[in-house]
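Please keep the sequence and the three-dimensional view at hand while reading.

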Amino acid sequence: TSGRQIFQPLHTLRNAEKELLPGYHQFEWQPALKNVSSSWDVGIIDGLSGWTTFVEDVPADTISRRFRYDVALVSALKDLEEDIMEGLRERGLDDSICTSGFTVVVKESCDGMGDVSEKHGNGPAVPEKAVRFSFTIMSVSIRVEGEDDGITIFQEPKPNSELSCRPLCLMFVDESDHETLTAILGPVVAERKAMMESRLIISVGGLLRSFRFFFRGTGYDEKMVREMEGLEASGSTYVCTLCDSTRAEASQNMVLHSITRSHDENLERYEIWRKNPFSESADELRDRVKGVSAKPFMETLPTLDALHCDIGNATEFYKIFQDEIGEVYQRSNPSREERRRWRSTLDKQLRNKLKLKPVMRMNGNYARRLMTREAVEVVCELVPSEERREALKRLMDLYVQMKPVWRSTCPSRDCPDQLCRYSYNSQQFADLLSTTFKYRYDGKITNYLHKTLAHVPEIIERDGSIGAWASEGNESGNKLFRRFRKMNARQSRTFEL
């Protein structure tokens, strides 16, 4: 990084580069989109446009920029034009006949980023936070006359790469600021809703073709899902965003749950919460609506976020390691000092043997290194009892077998054996936790551990994959965002204006 600026401002781009930006290609919708202008040459717009301010309104105090959703989708499709034509040829379809019946499946991701203030060495760090909303075109298929099933002509080979993850909206907002976040994403939600009821007509391979879109909001971490779907925050007794289980129930019955929550049901429950038709007390009412206490704002698809699942479970294992070093199973409530001592013993061991530096907050890379058989071998050197060492190794062994199932992009192809054994393995894992490690799981269990044990097979049966629908592409894009903000200014000696 010599300080040379490789990303140019919009007005200096060459024509070839402008083609890649939304607002270059002509298209139309049939029927026309409700409440969305029919002009197609729209580039970057103010994220707050579309909001009419009334005198009483407090204007949202934030900077936000976005593309119009339909314009961005057109740009993404034109980018895949060659792949789509290639797919038609490979399937032996005559492209002059295939002009309608195309279906596009879109994955949506949204994630908050911590401190993104300018780092130029001096002055206070301002608590500037950002939220990025982006989408990935996962697949394009076509329905042919006389065929029941659609034929897939394009499948995104790297759904978790930042290269396939297209930014739609950038905003300087704290993701916890629900009002501002929903105000900015409001128009995005409205455009998305309009597009689901219409067909896009666009020229692909020299012929006008019609596409319809399906949106699946799966690239959200649990905090964002709870915020979008009106659920209580993640410390709630309602432990899961997929089923109605309470934390106590989930720790008693670790495996047998099925997905019950949905966006529509959350909306109904919110209405019950708002109206309280049976005049119940606050506790009874809360139990009836299972923790839905705000209006669901954006439809997300109930799933499990593979990246945060990794991190959540690694954090949990890290704590188990600590407890095992201190033999907590033999005694009740150890002091803060003792816990601190076990923690530093664990950190020292991991640093010496595995070169794992202690981290403030668990991150993906640390989680991946910690959840391995070699890590557990290293930890076992500190565990006094042979029996406990065996239990820890068994626990990690089961986990290592389960993990590829929710990490891989296509488990039925990449790890069919582990997929078949998943339910059995998760049952064994749960049995171990509820017997040998009962001291940690008596009446409590972490959100992601519950999902890992209870919901993975069902989600895979429904979607075919968990890993492919995760938020990783968007998370990798966060790195680029920091790059554009020159957040690596600490490394480069040149001060650019």
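On a 1 Å grid over the protein atoms alone, a pocket is an open set of points with protein on both sides within 12 Å along at least five of seven lines, and lining residues have an atom within 4 Å of a point. The model is predicted, so local features need pLDDT of at least 70 and side-chain atom pairs count only at pLDDT 80 or more, while totals for chains, interfaces and linings use all residues. Residues are numbered from 1 along each chain as its sequence is written, and side-chain values use heavy atoms, with hydrogens and water left out.

The second largest pocket holds about 1,800 Å³ of space, a volume being the space filled by probe spheres set on grid points that are joined across faces, edges and corners. Its lining comprises 47 residues, and H308, I311, R361, M362 and N363 lie nearest the centre. Elements giving two or more residues to this lining include β4 (102–113), β5 (130–142), α9, α10 and α16 (447–454). Helices (H or I, at least four residues) and strands (E, at least two) are DSSP runs numbered from the N terminus. The largest contribution to the lining comes from α9, with 10 residues. By class, the lining has 13 nonpolar, 14 polar and 20 charged residues; Ala, Val, Leu, Ile, Met, Phe, Trp, Tyr, Cys and Pro count as nonpolar, Asp, Glu, Lys and Arg as charged, and the others, Gly among them, as polar.

Helix packing comes next. Two packed helices are described by the angle between their axes and the distance between the axes. Axes are lines fitted to C-alpha atoms, for helices over the stretch in contact, and angles run from 0 to 180 degrees between N-to-C directions. Helix α9 (residues 306–325) and helix α10 (residues 336–354) have axes that come within 9 Å and cross at roughly 110°. The two helices are therefore roughly perpendicular, a term for angles of 65 to 115 degrees, whereas angles over 145 count as roughly antiparallel. In this contact (heavy atoms within 4.5 Å), Y318, F321, Q322, D323 and I325 of α9 meet R339, W342, R343, L346, D347 and L350 of α10. These residues comprise 6 nonpolar, 1 polar and 4 charged.

Helix α9 also packs against α16, at an angle of about 110° and with the axes 8 Å apart. This makes α9 roughly perpendicular to α16. Here H308, C309, G312, N313 and E316 of α9 contact Y448, L449 and T452 of α16. The class division is 3 nonpolar, 4 polar and 1 charged.

A further pair is formed by helix α7 (residues 263–275) and helix α8 (residues 282–289), whose axes come within 9 Å and cross at roughly 170°. The pair is therefore roughly antiparallel. R269, I272 and W273 of α7 meet L285, R286, R288 and V289 of α8, giving 4 nonpolar, no polar and 3 charged residues.

The backbone deserves a final look. Most residues other than glycine have a negative phi, and most peptide bonds are trans. Q30 and P31 are joined by a cis peptide bond with omega of about -15°, and P31 is found in the loop between β1 (27–30) and β2 (45–46). N35 also lies in the loop between β1 and β2, and its phi is near 60°, a positive value in a residue other than glycine.

Terms used
Angles under 35 degrees count as roughly parallel, over 145 as roughly antiparallel, 65 to 115 as roughly perpendicular and the rest as oblique. On a 1 Å grid over the protein atoms alone, a cavity is a set of points where a 1.4 Å probe fits but cannot get out, and a pocket is an open set with protein on both sides within 12 Å along at least five of seven lines; lining residues have an atom within 4 Å of a point.
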